Amino acid sequence: MSQPMLTDSERQSAIRATVRQSLWAVVAMVLFTLALIPLYQVFCDVTGLNGRSSGLSQAADSELLNSQPGSGAEYDIQFVTQTGTGLALEFKALEGSQVIQPGGRKQVMFRFRNLSNRVLTAKAVPSVSPAAASRHLLKIECFCFQELEFAPFEQKDIPLIYFLSAAVPDDFRRLTLAYNLYQVDGSEGG
């Protein structure tokens with residue numbers, strides 16, 4: 001069987017259709033790429049990734065902060081730290097965990113030590129697990145809110161002040177607050 005021969009006008013029409021379809025595909029890819037940013041933010045809100053507090057507004061945060069202490073149950077908050085590959089910074093919580101009651105505020109100190117002879121700039125990215133508990137563990141004062149700069153061989157102890165909502169479900173008796181420390185682009189490195 002042989003293919004029927006296309007006339008020049010049919011061939012040009014087919015080429016135009018292919019070009020149109022290709023352009024629509026490119027436009028769709030660009031729009032999808034632009035949509036990824038808000039989709040990622042929604043994903044972080046839902047899962048608690050990067051320390052996002054499940055889309056709570058400032059009013060909701062204020063309501064949680066002003067809630068009355070709960071039943072007197074105790075919750076264990078564990079602190080886990082990790083430093084990005086190649087970053088010459090030592091980073092650890094001075095306490096591995098703390099016990100807190102719902103509606104309570106606590107402070108824990110984190111130690112940062114630059115192990116290099118260069119200035120380093122880093123950023124800590126938090127996450128809470130289980131993810132559904134992230135809306136109940138609010139960071140009031142946190143080094144994760146800004147970039148941190150360290151002089152050569154400098155050591156700093158920086159506080160984290162946090163609050164556990166009185167509305168935290170009993171299901172979450174053990175929460176983990178993890179921080180990943182990354183070098184900020186443009187920093188001299190280690």
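How many aromatic pairs does a search of the whole structure find? The search finds 10 aromatic pairs. This is a predicted model, in which local features need pLDDT of at least 70 and side-chain atom pairs count only at pLDDT 80 or more, whereas totals for chains, interfaces and linings use all residues. Residues are numbered from 1 along each chain as its sequence is written, and side-chain values use heavy atoms, with hydrogens and water left out.

**View 1. The edge-to-face pair of F79 and Y162.** Rings of Phe, Tyr and Trp (its six-membered ring) pair if their centres lie within 6.5 Å; planes under 30 degrees apart count as stacked, over 60 as edge-to-face and the rest as tilted. The ring centres of F79 and Y162 are 5.9 Å apart with planes at 65 degrees, so this pair is edge-to-face. Because F79 belongs to strand 1 (residues 75-83) and Y162 to strand 8 (residues 155-164), the contact ties together parts that are 83 residues apart in sequence. Strands (E, at least two residues) are DSSP runs, numbered from the N terminus. F79 is buried at a relative accessible area of 8%, and Y162 is buried at 0%; buried means under 20% relative accessible area, exposed over 50%, partly exposed in between (1.4 Å probe, protein chains only).

**View 2. The stacked pair of F91 and F112.** These two rings lie 4.7 Å centre to centre, with 20 degrees between the planes. F91 is in strand 2 (residues 89-93) and F112 in strand 4 (residues 105-114), so the pair ties together parts 21 residues apart in sequence. F91 counts as buried at 6% relative accessibility, and F112 is buried at 0% relative accessible area. Ring pairs link F79, F91, F110, F112, F143, F150, Y162 and Y179 into a cluster.

**View 3. Charged groups over aromatic rings.** A charge sits over a ring if NZ of Lys or CZ of Arg is within 6 Å of the ring centre and within 35 degrees of the ring normal. K156 lies over the face of F150, 4.9 Å from the ring centre. The charged end of R173 sits over the ring of Y75, at 5.1 Å from its centre.

View 4. Strand 2 and strand 4 pair in the antiparallel sense over five bridges, and E90 stands opposite R113 in strand 4.

Note on methods
Helix = DSSP H or I, 4+ residues; strand = E, 2+ residues; numbered from the N terminus. Pairing = 2+ DSSP bridges.
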